[in-house]
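Here is a short briefing to read alongside the sequence and the 3D view.

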Amino acid sequence: MTPLRICFLGCGAITRLHSRVARTLGGRVRLLYASRSLDKAQAYQKRFHGVGAFGSYAEACASPEIDAVFVCTPHAYHLEHAQLAIAHRKPLLIEKPVTRSLDELSTLEGAVRESGLPCMVAENYYFKPLLRVLRSHLTRGDIGDPLFIELNKAGTSRPTGWRRDPTLMGGGALLEGGVHWMNLLLEVGGPARAVIAAQPEAHGEHHAPVEDNLQLLIKFESGAVGKLLHSWNTRSRLGGLQVSRIYGTHGNIAFESNGLWALVLGRRKRLRIPGVF
């Protein structure tokens, strides 16, 4: 099988993470790197045993040595660099969040449809073992019809680097990290009919950026109701461990939000350790 030649646009922390994973694929992929700095791209090429480096994103996308592009630049440049890849007929993968706004997303969707090229979003929560466990019990009807889905993910986090720039970020915690939990909530509950979001008012010296403390209420098309509590400015005394629940007509499922365990109490009772059994 001919190896797939993938070029990372942007040489930051997320590219380091994806490069380490890609290296486990062995000879099935060849990695290339592009940055505004050729020296930085070459440093990544050397570090991860890549086969090419570029000092410009345009040069990389135009290169016949590249089969596909992975957009890992700051959020503000996702649309621009995706359009650049599309212009050079390169299939692409875009790091989450795909864009900063619905307007940008609409523009990107139009370009992708017109091109006919494959375009995917790097959202790993689609593949969480926890999601498979929850779906299996809901599909079997072990707790009856879902009524309420309560997802809690609150703690403390301090963005660094370009993530401290409102323009480059395009939003706060919900856009950057909360996109994972929104994905999990929608994958469990299904399509949403309506969404309401509320942010607590600042007190004293604490003035969190917009989206850094939010509670969302979602009405699903199924009739069930979902709630997401998401915060980067709330202390957690258990090292980030929190409990979420799904309440059904014949029982409930309690689970650790990160997916360490799930306890099913309904028509059948079972303790699950996602990824193990």
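Two residues are said to be in contact when heavy atoms of theirs lie within 4.5 Å. Please keep in mind that this is a predicted model. Its chain has nine helices and 14 strands. With a radius of gyration of 21 Å, close to the 19 Å that the globule rule gives for 277 residues, the chain is as compact as a globular protein of that length.

**The chain as a whole**

- The C-alpha trace spans about 60 × 55 × 40 Å along its principal axes.
- Buried residues make up 43% of the 277 in the chain.
- If we take the contacts between residues at least 6 apart in sequence, 61% of them join residues at least 24 apart.
- The chain has an accessible surface of about 14700 Å², and carbon and sulfur atoms account for 55% of that surface.

**Helix 1 and its neighbours**

- Helix 1 covers residues 13–23, and its buried residues are Thr15, His18, Ser19 and Ala22.
- Viewed down the axis of helix 1, these buried residues fall within an arc of 105°, so they line one face of the helix.
- What do the buried residues of helix 1 pack against? Their partners are strand 1 (4–9), strand 2 (29–34), helix 2, strand 4 (68–71) and strand 5.

**Helix 6 and its neighbours**

- In helix 6 (residues 129–139), the buried residues are Leu130, Leu131, Val133, Leu134, His137 and Leu138.
- Down the axis of helix 6, the buried residues fall within an arc of 160°, so they too line one face of their helix.
- Arg132 and Thr139 are exposed residues on the face of helix 6 that is turned away from its buried side.
- The buried residues of helix 6 pack against two elements given here with their ranges, strand 7 (146–154) and helix 9 (178–189), and also against strand 11 (243–248), strand 12 (251–256), strand 13 (262–265) and strand 14 (269–272).
- His137 of helix 6 is buried, with a relative accessible area of 1%.
- Setting aside residues up to four places away in sequence, His137 touches Asp142, Ile253, Val264, Arg268 and Arg272.
- Gly141 follows helix 6 and has a positive phi, near 75°.

**Backbone details in the loops**

- As background, most residues other than glycine have a negative phi, and most peptide bonds are trans.
- The peptide bond between Lys96 and Pro97 is cis, with omega at about -15°.
- Pro97 sits in the loop between strand 5 (92–95) and helix 5 (102–115).
- His49 is not a glycine, yet its phi is positive, near 55°.
- The loop between helix 2 (38–47) and strand 3 (52–54) holds His49, which is exposed at a relative accessible area of 53%.
- Arg89 is another residue that is not a glycine and has a positive phi, here about 60°.
- Arg89 belongs to the loop between helix 4 (78–87) and strand 5.

- Pro3 lies in the segment before strand 1 and is partly exposed, with a relative accessible area of 23%.
- Pro3 and Arg30 are 27 residues apart along the chain, while their C-alpha atoms are separated by 6.2 Å.
- Apart from residues up to four places away in sequence, Pro3 touches Gly27, Arg28, Val29, Arg30 and Asp67.
- The C-alpha atoms of Leu168 and Ala76 are separated by 4.7 Å, although the two residues are 92 apart along the chain.
- Beyond its neighbours within four places in sequence, Leu168 is in contact with Pro74, His75, Ala76, Tyr77, Arg100 and Trp162.

Technical notes:
Residues are numbered from 1 along each chain as its sequence is written. This is a predicted model: local features need pLDDT of at least 70, side-chain atom pairs count only at pLDDT 80 or more; totals for chains, interfaces and linings use all residues. Side-chain values use heavy atoms; hydrogens and water are left out. Helices (H or I, at least four residues) and strands (E, at least two) are DSSP runs, numbered from the N terminus. The radius of gyration is taken over C-alpha atoms; the globule rule is 2.2 Å times the number of residues to the power 0.38. Buried means under 20% relative accessible area, exposed over 50%, partly exposed in between (1.4 Å probe, protein chains only). Accessible areas come from the Shrake-Rupley method with a 1.4 Å probe; for residues, only the protein chains shown count as cover. The arc is that of the directions from the helix axis to the C-beta atoms.
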